[in-house]
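Colleague: I would like to learn how to read a model like this one, feature by feature. Can we start with contacts and then work through the rest?

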Amino acid sequence: MFKMNENYLKLPGSYLFSTIGKKVNAFAQANPDKKIIRLGIGDVTQPLAPAVIEALHKAVDEMGKAETFHGYAPDLGYEFLRKAIVEHDYQARGCQISVDEVFISDGAKSDSGNIGDIFALENKIAVCDPVYPVYVDTNAMAGRTGEYNEELQKWSDVIYMPCTEETNFAPELPSKEPDLIYLCFPNNPTGSTITKKELQKWVDYALKVGAVIIYDAAYEAYITEEDVPHSIYECEGATACAIEIRSFSKNAGFTGTRLGFTVVPKELKCKGTTLHSLWARRQGTKFNGAPYIIQRAGEAVYSEEGQKQTKEQIGYYMKNAKVICEGLTLAGYTVSGGVNAPYIWLKTPDKMSSWEFFDYLLEQANVVGTPGSGFGPSGEGYFRLTAFGSYENTLEAVERIKKL
Ligand code: MLT
């Protein structure tokens, strides 16, 4: 008789955004006359930039002719895209990353979930609390997190690093020694950031204790402040202890087209073996590459026009972030984030729990957000709104919340 992976049975509930989706759909069906404004999942709403669309059309035409047709993509991804990434995202910021250290993928969610494959089960993971649920859930599926305690909403073998108002929603170095440290800056869900000096402390710590940092920089394009690092490789020594995961979803609107990449520096070794060789083996075996047309679209993001147009999109979303921050502050809410990130983190009013506030907002204002507790126990009493809606909907949502 076959046996299933029983680790899945230990997972509490369903994936956070699936739960929210189900709740919102039920409300929509019961209230067909209500106009629901969705500021829950961080999904973009602006169309792809014209330079990206042009590249897509061109690549589609190439696929229709034998001379320019492309089949399987190379294991690491097309060199034209990896070169553009290295030049713009790394060399331009003084980071020593080479073209063959970049692995193109179908997005940061898959990579941050799959990266666990190259690490032994007995590694102890440390995560921020609140945290993007993918890091914890995928480790739980692998059997790395121990037992789940419903009451504490915590896994027995996970080191939680609380990110609270007192710490400016940034983690402090953990008291127990981890092997793998997940960091995401600008942060999802709190929208917080840390300075380069603060990030250097994490790199120094990882080097000291022999840990690997899995650095999710999916939101780096939203950074507006000078001393906030865009890449962990801006820190000295990071190529010997950090893997960086990036996405085209938030900086260029590829949530539906899927594209991302992971940097595994060759300097990062365990007992003389590079993690690069393990990830190359893993990807070569389990992944057949992002489509040619999408990689061409990704290349177009780095063209002069592409950069200008995608920066305008980010500006559009950041204008929404400002509307939310200012409007809610005026309405008496305590808000943070929204300055270097498209997420606004607010304290629920009147000591409501995160889910109570979710229901209240959905029912009374027909606005969807994300309950902070869905991201971890320290998220209880908080709520996340995204700046990814349309400007008109964002204005309307804020007006509705102000009237509550
Ligand atoms: C979020 O809402 O946290 C993100 O959209 C999820 C994701 O990027 O996978």
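Modeller: Contact here means heavy atoms within 4.5 Å. The model is a predicted one. With that cut-off, and leaving out residues up to four places away in sequence, Phe69 touches Glu62 and Met63.

Colleague: Where does Phe69 lie?

Modeller: Phe69 lies in the loop between α3 (50-63) and α4. Its relative accessibility is 49%, so Phe69 counts as partly exposed; the exposed class begins over 50%. Sequence distance and spatial distance should be read separately. Phe69 and Tyr292 are 223 residues apart in sequence, while their C-alpha atoms are 9.3 Å apart in space.

Colleague: Next, helices. How many residues does helix α4 have, and what does it reach from its first C-alpha to its last?

Modeller: The expected span of a helix is 1.5 Å times one less than its number of residues. Helix α4 (residues 79-90) has 12 residues and reaches 15 Å, close to the 16 Å expected.

Colleague: Which residues of α4 are buried, and what do they pack against?

Modeller: Buried means under 20% relative accessible area. In α4 that applies to Phe80, Leu81, Arg82, Ala84, Ile85, Val86, Asp89 and Tyr90. The buried residues of α4 pack against the strands β2 (102-105), β9 (242-247) and β10, and against helix α10 (292-301).

Colleague: What does the span check give for helix α2?

Modeller: Helix α2 (residues 16-30) has 15 residues and should span 21 Å at 1.5 Å a residue; its end C-alpha atoms are 22 Å apart, which agrees. The buried residues in α2 are Leu16, Phe17, Ile20, Val24 and Phe27. They cover an arc of only 90° around the axis, so they are on the same side of α2.

Colleague: Which exposed residues does the face turned away from the buried side carry?

Modeller: That face of α2 carries Lys22, Gln29 and Ala30. On the buried side, the packing partners of α2 include the helices α6 (133-142) and α12 (354-365). Strands are also among them: β1 (37-38), β15 (367-368), β16 (370-371) and β17 (382-386).

Colleague: Which residues are around the ligand?

Modeller: A residue is taken as near a molecule if one of its heavy atoms lies within 4 Å of it. Around the ligand are Phe17, Ile41, Gly42, Lys109, Tyr132, Asn188, Lys250, Tyr343 and Arg384.

Colleague: Within the protein, take Ser112: is it buried or exposed?

Modeller: Ser112 is buried, with a relative accessible area of 1%. It is found in helix α5 (residues 108-114). A polar atom of its side chain lies 2.7 Å from the backbone oxygen of Ala108, and the side chain of Ser112 reaches the backbone oxygen of Lys109 at 3.3 Å. Leaving aside neighbours within four places in sequence, Ser112 is in contact with Tyr132, Val134, Tyr135, Thr138, Tyr182 and Ile245.

Colleague: Last, the backbone. What should be checked there?

Modeller: A cis peptide bond joins Asp129 and Pro130, with omega about 10°; Pro130 is in the loop between β3 (125-129) and α6. Another cis peptide bond joins Phe185 and Pro186, with omega about -10°. Pro186 is found in the loop between β7 (180-184) and α7 (196-209).

Colleague: Where are the residues with positive phi, Arg258 and Asp350?

Modeller: Arg258, with phi near 65°, is in the loop between α8 (249-252) and β10 (260-263). Arg258 is partly exposed, with a relative accessible area of 28%. Asp350 has a phi of about 50° and sits in the loop between β14 (343-347) and α12. Asp350 is exposed, at 74% relative accessible area.

Definitions and conventions:
Residues numbered from 1 in each chain as written. Predicted model: local features only at pLDDT ≥ 70, side-chain atom pairs only at ≥ 80, totals over all residues. Heavy atoms only, no water. Helix = DSSP H or I, 4+ residues; strand = E, 2+ residues; numbered from the N terminus. Buried < 20%, exposed > 50% of the residue type's maximum accessible area, 1.4 Å probe, protein only. Arc of directions from axis to C-beta. Polar contact = N/O pair within 3.5 Å; in protein donor to acceptor, adjacent residues only side chain to side chain.
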